Amino acid sequence: MEFQNKTVIVTGSTQGIGREIALKFGAEGANVVVNGIDIPLQKELAESACAEIRENGGKAEYMLCDVSKPEETDALIKFALEKFEKIDVIVNNAGITRDNLIMRMSESDWDSVLAVNLKGAFNVIKSAARTLTKQRSGVIINMASVSGVMGNAGQANYSASKAGLIGLTKSVAKELAARNIRCNAVAPGFIQTAMTDKLKEDIKETYLASIPLKRFGQVEDIANLVLFLAGDKAKYITGQVINVDGGLVM
Ligand code: NAP
(Lines give C-alpha, C1' and ligand atoms only; values in the text may rest on other atoms or scores of the structure.)
Protein backbone atom coordinates (compact mmCIF):
# COMPACT_ATOMS: atom_id res chain seq x y z
CA MET A 1 0.00 0.00 0.00
CA GLU A 2 2.68 2.46 -1.12
CA PHE A 3 0.23 5.29 -1.79
CA GLN A 4 -2.02 4.92 1.27
CA ASN A 5 -3.75 8.28 1.91
CA LYS A 6 -1.90 9.97 -0.94
CA THR A 7 -4.12 12.00 -3.25
CA VAL A 8 -3.60 11.33 -6.93
CA ILE A 9 -5.29 13.20 -9.79
CA VAL A 10 -5.24 11.40 -13.13
CA THR A 11 -6.63 13.40 -16.05
CA GLY A 12 -8.28 11.44 -18.85
CA SER A 13 -8.76 8.38 -16.63
CA THR A 14 -12.15 7.18 -17.80
CA GLN A 15 -10.51 4.75 -20.21
CA GLY A 16 -7.20 3.51 -21.66
CA ILE A 17 -3.85 4.25 -20.05
CA GLY A 18 -5.29 6.79 -17.60
CA ARG A 19 -7.86 4.33 -16.27
CA GLU A 20 -5.18 1.70 -15.64
CA ILE A 21 -3.01 4.28 -13.84
CA ALA A 22 -5.98 5.30 -11.67
CA LEU A 23 -6.77 1.65 -10.83
CA LYS A 24 -3.17 0.84 -9.94
CA PHE A 25 -2.89 3.85 -7.61
CA GLY A 26 -6.21 2.83 -6.05
CA ALA A 27 -4.93 -0.70 -5.46
CA GLU A 28 -2.00 0.87 -3.57
CA GLY A 29 -4.41 2.64 -1.21
CA ALA A 30 -4.49 6.07 -2.88
CA ASN A 31 -7.31 8.61 -2.88
CA VAL A 32 -7.86 8.91 -6.61
CA VAL A 33 -9.54 11.73 -8.53
CA VAL A 34 -10.78 10.30 -11.82
CA ASN A 35 -11.34 12.73 -14.69
CA GLY A 36 -12.65 12.70 -18.23
CA ILE A 37 -14.38 15.10 -20.52
CA ASP A 38 -18.01 15.94 -19.71
CA ILE A 39 -19.91 14.04 -22.40
CA PRO A 40 -22.79 11.58 -21.77
CA LEU A 41 -21.03 8.18 -21.73
CA GLN A 42 -18.17 9.45 -19.57
CA LYS A 43 -20.25 9.59 -16.38
CA GLU A 44 -20.81 5.82 -16.50
CA LEU A 45 -17.14 5.18 -17.32
CA ALA A 46 -15.99 7.43 -14.48
CA GLU A 47 -18.41 5.78 -12.04
CA SER A 48 -17.22 2.31 -13.03
CA ALA A 49 -13.54 3.30 -12.59
CA CYS A 50 -14.35 4.74 -9.13
CA ALA A 51 -16.30 1.60 -8.17
CA GLU A 52 -13.38 -0.63 -9.14
CA ILE A 53 -10.92 1.51 -7.17
CA ARG A 54 -13.13 1.34 -4.06
CA GLU A 55 -13.53 -2.46 -4.42
CA ASN A 56 -9.74 -2.77 -4.42
CA GLY A 57 -9.22 -0.73 -1.25
CA GLY A 58 -8.67 2.81 -2.54
CA LYS A 59 -10.86 5.89 -2.27
CA ALA A 60 -12.15 7.52 -5.45
CA GLU A 61 -14.15 10.51 -6.60
CA TYR A 62 -14.62 11.75 -10.13
CA MET A 63 -14.99 15.13 -11.77
CA LEU A 64 -15.75 15.47 -15.45
CA CYS A 65 -14.17 18.55 -16.97
CA ASP A 66 -12.20 19.73 -19.97
CA VAL A 67 -8.50 20.23 -19.15
CA SER A 68 -8.12 22.68 -22.04
CA LYS A 69 -10.18 25.22 -20.05
CA PRO A 70 -8.32 26.92 -17.18
CA GLU A 71 -11.46 27.66 -15.17
CA GLU A 72 -12.28 23.94 -15.29
CA THR A 73 -8.81 22.85 -14.11
CA ASP A 74 -9.08 25.38 -11.26
CA ALA A 75 -12.34 23.66 -10.34
CA LEU A 76 -10.70 20.21 -10.62
CA ILE A 77 -7.96 21.16 -8.14
CA LYS A 78 -10.53 22.74 -5.80
CA PHE A 79 -12.61 19.54 -6.01
CA ALA A 80 -9.59 17.35 -5.14
CA LEU A 81 -8.74 19.55 -2.14
CA GLU A 82 -12.35 19.56 -0.90
CA LYS A 83 -12.55 15.77 -1.12
CA PHE A 84 -9.07 14.80 0.06
CA GLU A 85 -7.45 17.94 1.58
CA LYS A 86 -4.08 17.74 -0.20
CA ILE A 87 -2.58 16.79 -3.56
CA ASP A 88 0.39 14.43 -3.76
CA VAL A 89 0.52 13.29 -7.36
CA ILE A 90 -0.78 14.74 -10.64
CA VAL A 91 -0.75 12.66 -13.80
CA ASN A 92 -1.41 14.79 -16.88
CA ASN A 93 -2.61 11.97 -19.08
CA ALA A 94 -5.57 13.42 -21.04
CA GLY A 95 -4.76 13.46 -24.72
CA ILE A 96 -6.33 13.36 -28.16
CA THR A 97 -5.23 12.76 -31.75
CA ARG A 98 -6.49 14.42 -34.93
CA ASP A 99 -4.04 12.86 -37.42
CA ASN A 100 -3.58 14.09 -40.96
CA LEU A 101 -0.85 15.04 -43.40
CA ILE A 102 0.23 18.61 -42.81
CA MET A 103 -1.13 19.76 -46.19
CA ARG A 104 -4.58 18.52 -45.18
CA MET A 105 -4.47 19.34 -41.48
CA SER A 106 -7.11 21.90 -40.56
CA GLU A 107 -6.35 24.77 -38.24
CA SER A 108 -8.99 23.48 -35.83
CA ASP A 109 -7.31 20.03 -35.69
CA TRP A 110 -4.01 21.73 -34.92
CA ASP A 111 -5.59 23.97 -32.27
CA SER A 112 -7.64 21.28 -30.51
CA VAL A 113 -4.70 18.86 -30.15
CA LEU A 114 -2.42 21.58 -28.78
CA ALA A 115 -5.22 22.81 -26.50
CA VAL A 116 -5.82 19.43 -24.83
CA ASN A 117 -2.39 17.80 -24.91
CA LEU A 118 -0.14 20.76 -24.13
CA LYS A 119 -2.23 23.60 -22.75
CA GLY A 120 -4.26 21.06 -20.75
CA ALA A 121 -1.15 20.02 -18.81
CA PHE A 122 -0.10 23.66 -18.37
CA ASN A 123 -3.56 24.49 -17.03
CA VAL A 124 -3.55 21.67 -14.48
CA ILE A 125 -0.02 22.44 -13.30
CA LYS A 126 -0.78 26.15 -13.00
CA SER A 127 -4.02 25.49 -11.13
CA ALA A 128 -2.16 23.24 -8.65
CA ALA A 129 1.14 25.14 -8.38
CA ARG A 130 0.22 27.29 -5.38
CA THR A 131 -1.05 24.27 -3.41
CA LEU A 132 2.00 22.15 -4.23
CA THR A 133 4.50 24.90 -3.42
CA LYS A 134 2.75 25.61 -0.08
CA GLN A 135 2.86 21.89 0.75
CA ARG A 136 6.54 21.78 -0.30
CA SER A 137 5.90 18.38 -1.86
CA GLY A 138 4.36 16.88 -4.95
CA VAL A 139 4.99 14.82 -8.04
CA ILE A 140 3.87 15.70 -11.56
CA ILE A 141 3.98 13.18 -14.38
CA ASN A 142 3.19 14.26 -17.94
CA MET A 143 2.14 11.73 -20.57
CA ALA A 144 4.24 12.56 -23.62
CA SER A 145 4.82 10.17 -26.55
CA VAL A 146 7.64 8.83 -28.69
CA SER A 147 6.04 10.98 -31.41
CA GLY A 148 7.20 13.99 -29.43
CA VAL A 149 10.72 12.60 -29.22
CA MET A 150 11.25 11.50 -32.82
CA GLY A 151 8.35 13.02 -34.82
CA ASN A 152 5.82 11.06 -36.83
CA ALA A 153 4.48 11.60 -40.35
CA GLY A 154 0.78 12.46 -40.21
CA GLN A 155 1.02 13.70 -36.61
CA ALA A 156 2.50 17.21 -36.85
CA ASN A 157 -0.03 18.54 -34.32
CA TYR A 158 0.30 15.60 -31.93
CA SER A 159 4.12 15.43 -32.15
CA ALA A 160 4.39 19.18 -31.57
CA SER A 161 2.10 18.96 -28.54
CA LYS A 162 4.10 16.10 -27.04
CA ALA A 163 7.47 17.74 -27.77
CA GLY A 164 6.07 20.86 -26.08
CA LEU A 165 5.07 18.73 -23.11
CA ILE A 166 8.68 17.57 -22.79
CA GLY A 167 9.86 21.21 -22.68
CA LEU A 168 7.14 22.00 -20.14
CA THR A 169 8.25 19.02 -18.02
CA LYS A 170 11.89 20.13 -17.91
CA SER A 171 11.05 23.76 -17.15
CA VAL A 172 8.61 22.85 -14.38
CA ALA A 173 11.17 20.39 -12.95
CA LYS A 174 13.75 23.20 -12.75
CA GLU A 175 11.30 25.80 -11.47
CA LEU A 176 9.73 23.74 -8.69
CA ALA A 177 12.64 21.53 -7.58
CA ALA A 178 13.56 23.91 -4.76
CA ARG A 179 10.07 23.31 -3.33
CA ASN A 180 10.60 19.53 -3.35
CA ILE A 181 8.31 19.05 -6.36
CA ARG A 182 9.41 16.60 -9.04
CA CYS A 183 8.21 16.60 -12.64
CA ASN A 184 8.91 13.87 -15.21
CA ALA A 185 7.48 12.73 -18.53
CA VAL A 186 6.64 9.25 -19.77
CA ALA A 187 6.84 8.68 -23.52
CA PRO A 188 4.84 5.63 -24.56
CA GLY A 189 5.36 3.97 -27.91
CA PHE A 190 2.44 2.06 -29.43
CA ILE A 191 0.10 1.00 -26.60
CA GLN A 192 -3.13 -0.93 -27.24
CA THR A 193 -6.02 1.42 -26.37
CA ALA A 194 -9.04 3.05 -28.04
CA MET A 195 -6.62 5.71 -29.36
CA THR A 196 -4.60 3.15 -31.34
CA ASP A 197 -7.45 0.70 -32.08
CA LYS A 198 -8.81 3.23 -34.57
CA LEU A 199 -5.64 3.15 -36.72
CA LYS A 200 -5.80 1.25 -40.02
CA GLU A 201 -4.37 -2.30 -40.03
CA ASP A 202 -1.59 -1.45 -42.52
CA ILE A 203 -0.41 1.41 -40.30
CA LYS A 204 -0.39 -0.93 -37.27
CA GLU A 205 1.67 -3.46 -39.26
CA THR A 206 4.19 -0.76 -40.18
CA TYR A 207 4.56 0.27 -36.52
CA LEU A 208 4.91 -3.36 -35.43
CA ALA A 209 7.71 -3.99 -37.92
CA SER A 210 9.72 -1.13 -36.40
CA ILE A 211 9.40 -2.25 -32.76
CA PRO A 212 12.41 -4.37 -31.68
CA LEU A 213 10.34 -6.32 -29.10
CA LYS A 214 7.87 -7.14 -31.92
CA ARG A 215 4.72 -6.45 -29.92
CA PHE A 216 2.56 -3.53 -28.90
CA GLY A 217 2.62 -2.31 -25.31
CA GLN A 218 -0.17 -2.79 -22.79
CA VAL A 219 -1.65 -0.14 -20.50
CA GLU A 220 -0.01 -1.72 -17.42
CA ASP A 221 3.44 -1.20 -19.00
CA ILE A 222 2.84 2.54 -18.73
CA ALA A 223 1.05 2.45 -15.37
CA ASN A 224 3.95 0.52 -13.79
CA LEU A 225 6.41 3.27 -14.69
CA VAL A 226 4.05 6.04 -13.58
CA LEU A 227 3.70 4.46 -10.13
CA PHE A 228 7.48 4.05 -9.89
CA LEU A 229 8.06 7.71 -10.81
CA ALA A 230 5.40 8.84 -8.34
CA GLY A 231 6.90 6.88 -5.45
CA ASP A 232 9.82 7.29 -3.07
CA LYS A 233 12.05 4.94 -5.05
CA ALA A 234 12.20 7.72 -7.67
CA LYS A 235 12.80 10.54 -5.18
CA TYR A 236 16.02 11.66 -6.91
CA ILE A 237 14.57 11.60 -10.45
CA THR A 238 13.24 14.82 -11.96
CA GLY A 239 13.15 16.50 -15.38
CA GLN A 240 13.45 13.18 -17.21
CA VAL A 241 11.63 11.71 -20.19
CA ILE A 242 11.41 7.93 -20.06
CA ASN A 243 10.41 5.96 -23.14
CA VAL A 244 8.26 2.84 -22.76
CA ASP A 245 8.19 1.63 -26.32
CA GLY A 246 9.57 -1.88 -26.83
CA GLY A 247 12.86 -0.39 -28.00
CA LEU A 248 11.43 1.84 -30.74
CA VAL A 249 13.56 4.84 -29.74
CA MET A 250 17.18 4.04 -28.91
P1 NAP B 1 -7.65 7.21 -24.88
O2 NAP B 1 -7.98 5.77 -24.66
O3 NAP B 1 -8.25 7.95 -26.01
O4 NAP B 1 -7.95 8.00 -23.51
C5 NAP B 1 -7.74 9.38 -23.41
C6 NAP B 1 -8.47 9.90 -22.20
O7 NAP B 1 -8.37 11.34 -22.16
C8 NAP B 1 -9.95 9.59 -22.24
O9 NAP B 1 -10.42 9.35 -20.94
C10 NAP B 1 -10.52 10.91 -22.79
O11 NAP B 1 -11.88 11.10 -22.60
C12 NAP B 1 -9.67 11.89 -22.03
N13 NAP B 1 -9.75 13.23 -22.58
C14 NAP B 1 -9.69 13.61 -23.88
N15 NAP B 1 -9.81 14.93 -23.99
C16 NAP B 1 -9.93 15.41 -22.73
C17 NAP B 1 -10.09 16.70 -22.19
N18 NAP B 1 -10.13 17.78 -22.96
N19 NAP B 1 -10.20 16.84 -20.83
C20 NAP B 1 -10.18 15.75 -20.02
N21 NAP B 1 -10.03 14.50 -20.50
C22 NAP B 1 -9.91 14.34 -21.83
O23 NAP B 1 -6.08 7.40 -25.01
P24 NAP B 1 -4.86 6.55 -24.43
O25 NAP B 1 -4.33 5.73 -25.53
O26 NAP B 1 -5.22 5.92 -23.14
O27 NAP B 1 -3.82 7.75 -24.20
C28 NAP B 1 -3.59 8.34 -22.93
C29 NAP B 1 -2.42 9.28 -23.05
O30 NAP B 1 -1.27 8.55 -23.50
C31 NAP B 1 -2.63 10.40 -24.06
O32 NAP B 1 -2.03 11.59 -23.60
C33 NAP B 1 -1.90 9.90 -25.28
O34 NAP B 1 -1.47 10.94 -26.11
C35 NAP B 1 -0.74 9.17 -24.64
N36 NAP B 1 -0.13 8.18 -25.53
C37 NAP B 1 -0.83 7.09 -25.94
C38 NAP B 1 -0.22 6.16 -26.79
C39 NAP B 1 -0.91 4.92 -27.26
O40 NAP B 1 -0.28 4.19 -28.06
N41 NAP B 1 -2.12 4.62 -26.84
C42 NAP B 1 1.10 6.40 -27.22
C43 NAP B 1 1.77 7.51 -26.79
C44 NAP B 1 1.14 8.40 -25.93
P45 NAP B 1 -12.86 10.74 -23.89
O46 NAP B 1 -12.94 9.26 -23.90
O47 NAP B 1 -14.11 11.42 -23.59
O48 NAP B 1 -12.22 11.31 -25.12
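Why does Arg-136 count as partly exposed? Arg-136 has 46% relative accessibility, so it falls in the partly exposed class; buried means under 20% relative accessible area, exposed over 50%, and partly exposed in between, with a 1.4 Å probe and protein chains only. This is a predicted model, where local features need pLDDT of at least 70, side-chain atom pairs count only at pLDDT 80 or more, and totals for chains, interfaces and linings use all residues. Residues are numbered from 1 along each chain as its sequence is written, and side-chain values use heavy atoms, leaving out hydrogens and water.

**Ligand site**

- The ligand is surrounded by 31 residues; a residue is near a molecule if one of its heavy atoms lies within 4 Å of it.
- The closest are Thr-14, Gln-15, Tyr-158, Ile-191 and Thr-193.
- The shell holds 16 nonpolar, 13 polar and two charged residues. Ala, Val, Leu, Ile, Met, Phe, Trp, Tyr, Cys and Pro count as nonpolar, Asp, Glu, Lys and Arg as charged, and the others, Gly among them, as polar.
- At least two shell residues come from each of α1 (16-27), β2 (31-36), α6 (156-176) and α7 (194-197). Helices (H or I, at least four residues) and strands (E, at least two) are DSSP runs, numbered from the N terminus.
- Helix α7 gives the most, with three residues.

**Polar atoms at the ligand**

- A ligand oxygen is 2.7 Å from an N or O atom in the side chain of Thr-14. A polar contact is a pair of N or O atoms within 3.5 Å.
- A ligand nitrogen is 3.1 Å from a polar backbone atom of Val-67.
- On its own, the ligand has 880 Å² of accessible area, and the protein covers 92% of this. Accessible areas come from the Shrake-Rupley method with a 1.4 Å probe.

**Tyr-158**

- UniProt places the feature "active site" here, in an unreviewed entry. Such annotations may be inferred rather than shown by experiment.
- Tyr-158 sits in helix α6.
- Tyr-158 counts as buried because its relative accessibility is 8%.
- Beyond neighbours within four places in sequence, Tyr-158 is in contact (heavy atoms within 4.5 Å) with Ile-96, Thr-97, Val-113, Asn-117, Ser-145, Ser-147 and Met-195.

**Annotated domain**

- The unreviewed UniProt entry gives "domain: Ketoreductase" for residues 6-191.
- Over residues 6-191, the chain is 53% helix and 18% strand. The end C-alpha atoms are 27 Å apart.

- Lys-204 is part of helix α8 (residues 201-209). Its relative accessibility is 13%, so Lys-204 counts as buried.
- Sequence neighbours within four places aside, Lys-204 is in contact with Phe-190, Thr-196, Asp-197, Leu-199 and Phe-216.
- Pro-40 belongs to helix α2 (residues 40-55). Pro-40 counts as exposed because its relative accessibility is 76%.
- From Pro-40 to Gly-58 is 18 residues in sequence and 25 Å in space, C-alpha to C-alpha.

**Positive phi values**

- Most residues other than glycine have a negative phi.
- Arg-136 is not a glycine, yet has a positive phi of about 60°. Arg-136 lies in the loop between α4 (107-135) and β5 (138-143).
- Asn-180 also has a positive phi, near 65°. The loop between α6 and β6 (181-188) holds Asn-180.

Technical notes. A polar contact is a pair of N or O atoms within 3.5 Å; within protein, one must be able to donate a hydrogen and the other to accept it, and residues adjacent in sequence count only if both atoms are side-chain atoms.
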